[in-house]
Amino acid sequence: MKALLFERKVARYAAATVAGRLKPGSGAKVGPLRLAHDIDEPELPGPDWVRVRPRLAGICGSDLATIDGKSSRYFEPIVSFPFVPGHEVVGDLDDGTRVVVQPTLTCAARSLDPTCDQCAAGRTNRCERIAFGHLAPGLQTGFCEHTGGGWGLSLVAHRSQLHTVPDALTDEAAVLVEPAACAVHAASSAGGTTIAVIGAGTLGLLTIAALRHGNVHGGNLIATAKYPEQKRLAKELGADVVVEPDALERAIRSDTRSLKFGDQLTGGASCVIDCVGSAASLQQALQVVEPGGTILMVGMPGVTTVDLTGLWHREVDLRGCYAYTADDFATAFDLAADAKLERLLSATYPLDRYRDAIEHAAQAGPRGAVKVAFDLRNERNR
Amino acid sequence: MRLPRGSFPWIGPAWPSTVERPPDEPRTGTAFETDWARKYPTRLARALVLDTVGKGVVGMLASPKVRGDDRLADVKGPVIFAANHASHVDTPLLLTSIPDRFRHHTVVAAGADYFFDKRWKGYLWAFAINAIPIERTRVSPKSLRLASQMLDDGWSVLIFPEGGRSPHGWSQPHRAGAAFLAARAGVPVVPVHLEGTRRILRKGTGRLTPSTTTVTFGSPLLAAGGEDPRQFAQRVERAVDVLADEQATDWWSARRRAASGQTPSLAGPEGSEWRRFWSLGEGRRRGRPQLPRWP
Amino acid sequence: MPRPGFILDVDRSTPPTLFWHGEGYRLEKLPAGSRVIYPPEPLAALKDPDGAVRHALLNPIGDSKPLPELLFAGMKLTICFDDISLPLPPMRRPDIRQRVIEAVLDLAAEAGVDDVVLVAALALHRRMTDDELRHALGNRVFDAFNPHGRLTQHDAEDPDGLLHIGLTDAGEDVEINKRAATSDLIVYVNINLVAMDGGWKSTATGLASYKSLRHHHNVKTMQHSKSFMDQHRSELHSSNWRMGKVLRDSGIKIFQIETTLNSDTFPSQFGFLQKREWEWTARDRAGFLASSKALDRTPDRMKRSIFHSIQAPHQMTSVQAGEVEAVHALTTEHVYRQQLVEVQGQTDILTMGLPYISPYNVNSIMNPILVACLGLGYFFNLYKGKPLVREGGVVIMSHPTPWAFNPVHHPSYIDFFEQVLAETTDPIEIESKYEERFATDPWFIHLYRTSYSYHGVHPFYMWYWCAHARQHLGGVIVVGGDPRSVRRLGFKPASTLRDALEMASDVVGRDPSITHLHNPPLLMADVR
């Protein structure tokens with residue numbers, strides 16, 4: 001089987017770290033990711049497992065971080081090498097059913113009984129057993145040695161991971177269901193009169209769409225976007241005000257009629273959703289969040305240095321926001337249809353051109369793109 | 001004829017005893033010729049010295065604050081600067097403080113009996129401060145002619161109308177010379193008040209104590225048609241008093257006191273000599289120095 | 001004898017024409033057949049300005065007693081003066097305000113007046129810094145009044161510092177500075193740089209609150225002021241005059257002093273900026289070449305500080321005092337005498353070079369909104385009769401229009417540019433949708449009152465100032481401007497004048513008539 005394979009190769013990983021710093025996406029050229037033509041298809045680990053043949057598989061920010069050697073060492077024990085990346089997958093079952101994979105490898109997939117408390121309560125995104133059970137460690141499909149991933153011609157998935165795609169929904173929209181589920185999950189934790197969304201990449205835009213979906217939040221929605229295309233989409237998806245990143249503080253100050261001391265707003269947004277996850281974005285979030293407000297970290301932060309005095313002084317809630325539950329997926333399907341999410345899929349590439357694809361995804365913003373995906377529908381021997 | 005060495009013409013001739021010797025032309029005092037000091041090479045040299053050494057020394061010694069120079073903005077031609085006089089520092093201080101337009105075009109009316117009594121002194125002062133010899137004990141036609149000639153030639157004249165440095169700190173009554181000259185030449189008098197120079201170098205001592213000074217220029221005054229020079233001189237004196245008041249308080253308070261005739265006189269209070277000295281407050285020990293309070 | 005204004009018909013032999021371009025200038029070749037309007041040369045200055053001021057105070061115009069008769073011991077006297085926005089560029093010391101105020105205070109001192117307060121009539125402009133006040137008033141006045149808190153700056157947001165006087169016939173609120181309103185006499189010291197300044201606009205605008213200003217600083221008024229430089233056809237002035245009537249009827253006594261300047265705008269080393277190109281001497285040419293080459297290599301910040309350190313050798317051409325309307329009529333004549341140029345007929349395309357300074361960025365950055373306001377607000381409106389450019393015509397302005405703001409002076413401008421202009425450039429929509437939010441923003445009010453920032457609503461006024469021009473014109477093109485900010489303003493960017501003329505022909509047709517406003521030094525076109 002043909003697949004992109006990510007192996008544990010320390011020297012290459014170090015090279016990718018350096019290259020990725022110089023030019024985002026260039027970790028693909030020197031790093032431990034390679035196109036393998038003849039690896040074995042993953043075996044079905046158990047009776048409830050089925051084979052999925054990916055049709056489209058998205059390239060996610062966390063994939064790029066891995067390829068460019070930027071991801072945190074936190075992940076080391078919860079991934080298993082070598083793995084085939086790709087967790088934003090729409091694919092076919094052997095019977096031709098189109099499905100979207102919910103990639104989290106939780107107690108159910110790991111055949112653990114009894115399940116952990118979190119899974120028992122339905123909060124499968126918080127599963128405590130992602131490194132245990134009969135599967136190799138792996139927080140999601142696409143980071144686990146045994147399951148394969150979306151960037152290959154075949155992967156295996158537990159029945160609990162599958163969501164059937166309605167016939168009306170195109171592959172192009174369906175491939176965005178997984179990230180949209182993340183956004184739906186984030187939006188369900190957000191609230192208040194003024195919500196700020198930092199970052200207008202895929203996650204940022206989807207979060208805006210999710211916040212506006214079904215008018216869950218009537219509050220004022222202020223978003224930052226660096227590039228013209230992002231601005232246009234943010235506006236279309238329902239942001240009330242879209243500003244350049246360095247103008248966010250002024251926009252929120254003006255919207256909330258806040259005063260300022262130094263660079264800190266005295267009031268601010270009730271909820272700030274950070275879809276970037278850098279030190280700068282978190283610092284900015286702290287600057288513009290109201291006392292007692294909430295910052296949701298949707299973007300993956302990694303090792304970050306931030307001055308938390310404001311967090312302490314203003315009793316700000318800083319909350320993580322990871323993945324989704326099955327309910328979020330159900331909502332995400334509606335969102336994908338209603339918000340016409342296929343417009344966020346900017347480009348697709350065959351596996352052979354993976355370097356171009358990854359470079360494109362890493363520079364999506366400046367190149368006017370949002371989501372870049374691999375198209376495996378025309379691969380030979382599929 | 002072979003002329004022996006060491007005699008005429010190698011040395012000067014002897015005056016024949018048969019010929020009557022004319023009386024010596026005086027070449028000091030008011031007779032000292034200063035035209036050369038206003039010709040180009042000298043002017044340039046003086047300007048250089050004044051702007052470098054002069055300014056430097058005055059700056060270190062007197063740290064002058066110049067005020068009211070904007071009042072001279074509209075004045076075109078030469079003027080007479082009339083200042084109070086307490087110290088030898090006054091002249092260099094003023095010469096380095098008056099606006100550029102006038103600075104290198106000003107002569108100093110200096111007492112012929114003091115500054116020009118020796119020829120070397122004459123050369124020194126004529127070069128250094130562009131002094132001209134003026135009779136200060138009386139209004140002399142010769143001095144007046146010289147000074148008005150300067151004004152006609154476009155030179156401003158700096159005069160200390162008190163006629164000399166103050167011996168005790170209070171100013172002396174103005175003499176009419178400056179006023180007379182101004183009326184005659186039809187030029188304005190610019191009253192100037194110098195504050196603080198007595199602290200640096202007072203009459204009768206040779207010790208220099210650096211201190212801060214303030215130079216305040218007043219609005220130019222013109223003699224009214226038919227005004228008596230003595231009255232005009234008093235007007236100038238009062239203007240200097242108002243400048244002193246302005247320097248000590250502020251312009252508005254000074255104007256109000258001037259309007260109501262309450263400007264304190266620089267000549268000090270009436271009364272006996274010791275009371276005049278006493279009210280100066282000089283040399284009196286201040287009370288215990290105040291320690292700065294925390295913080 | 002200074003020559004009057006001049007209209008040059010460009011032909012092949014004509015040397016290139018000087019265009020201001022922000023902190024710099026360019027020579028541009030105008031097509032043959034274009035017209036260039038040159039301002040009149042500077043009028044002769046008053047010989048004895050201080051004497052003239054005193055004479056004016058003692059011999060007032062209109063229904064007013066001489067100033068000494070209006071002053072008495074124990075009275076409450078308030079002297080108001082124009083702020084940093086006048087004159088442009090700031091004039092060399094001594095400033096006119098210093099001369100006049102010293103003369104007034106001299107008389108007040110003679111009359112034994114104790115209670116005197118000076119008020120900078122800055123309406124919604126930024127506060128002046130101590131240095132700026134010192135420059136305007138001179139050291140003597142500043143040192144005498146500032147330490148005692150008797151030198152104040154009008155605060156249009158001070159709830160305890162304003163007095164509501166009444167309503168005009170048209171229902172407009174008249175609310176002005178309380179200290180001034182409760183004084184026995186207001187002496188207002190004006191500098192009338194352009195025909196818009198002075199008259200009742202001094203008191204009714206300079207000392208007013210937002211509540212009062214909004215009645216005439218709005219889109220409707222500006223669209224009905226054709227132009228606001230011509231007070232008889234200016235709704236802005238009609239409203240101010242109505243307010244003046246209310247002030248007068250309420251018993252407030254005003255002694256108005258107005259002064260005019262000649263157009264001697266630039267110091268001799270920049271003399272070529274106010275000369276006709278064909279009269280440039282070798283020295284002028286050398287000055288132009290050296291300065292423009294040097295400026296090309298100078299960073300923006302430094303260029304700005306070089307230009308803002310220019311002090312104009314402006315001199316006083318007249319001073320008149322007394323009753324507001326009589327004084328203003330005479331002042332306006334003097335302004336016209338210096339600035340008016342008779343022009344025959346309108347033009348299809350009006351070109352103008354915008355300099356580095358506008359009334360609202362003295363010692364500051366000319367941000368894009370101010371660029372628009374200077375071109376479409378001020379220069380466009382420098383006409384009497386008909387606009388220089390025909391209805392549906394095109395204005396071509398030359399300015400680098402950088403996306404740059406002074407965050408201390410213009411904080412609300414940044415928000416206006418980023419948030420409001422990103423949505424719409426239509427003045428009416430902007431007024432109805434956003435004005436109140438900015439005007440009442442507590443942060444902007446705080447900055448206006450305690451820092452050196454223009455009021456939150458001020459950028460709106462800049463936009464309204466352009467309203468008449470926007471309604472009249474078929475297009476606006478900015479030559480050499482930052483395309484991003486030019487587009488944000490709703491204008492079109494062009495890299496060269498030739499391109500701009502080409503673009504304009506889409507609107508006004510082939511073979512248009514072109515007129516260049518050779519300004520500053522300021523001129524006002526009397527279009528027949």
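How many residues of chain A are in contact with how many residues of chain C? In this predicted model, eleven residues of chain A are in contact with eight residues of chain C. On the side of chain A that touches chain C, two elements give two or more residues, namely strand E10 (241-243) and helix H9 (248-256) of chain A, and of these H9(A) gives the most, with four residues. By residue type, that side of chain A divides into five nonpolar, two polar and four charged residues.

Chain C is also in contact with chain B, where twelve residues of chain B meet 17 residues of chain C. Here the largest share of the side of chain B, six residues, comes from helix H10 (residues 251-259) of chain B. The composition of this side of chain B is six charged, four nonpolar and two polar residues.

In chain A, the bond that joins Phe81(A) and Pro82(A) is cis, with omega at about -15 degrees, and Pro82(A) belongs to the loop that runs between helix H3 (61-67) and strand E4 (88-93) of chain A. In chain C, a cis peptide bond joins Leu88(C) and Pro89(C), with omega at about -20 degrees, and Pro89(C) is placed in the loop between strand E5 (76-81) and helix H3 (96-111) of chain C.

Lys340(A) has a positive phi, near 50 degrees, and is found in the loop between helix H12 (326-338) and strand E16 (345-349) of chain A. Is Lys340(A) buried or partly exposed? Lys340(A) has 15 other C-beta atoms within 10 Å, and because the partly exposed class lies between the limits of 12 or fewer for exposed and 20 or more for buried, Lys340(A) counts as partly exposed.

Asp511(C) likewise has a positive phi, in this case near 55 degrees, and lies in the loop between helix H20 (497-508) and strand E19 (514-517) of chain C. For Asp511(C) there are 10 other C-beta atoms within 10 Å, and therefore this residue is classed as exposed, given that the exposed class takes in counts of 12 or fewer.

Terms used: Residues numbered from 1 in each chain as written. Chains lettered and ligands numbered in written order. Predicted model: local features only at pLDDT ≥ 70, side-chain atom pairs only at ≥ 80, totals over all residues. Contact = placed C-beta atoms within 7 Å. Nonpolar A, V, L, I, M, F, W, Y, C, P; charged D, E, K, R; others polar.
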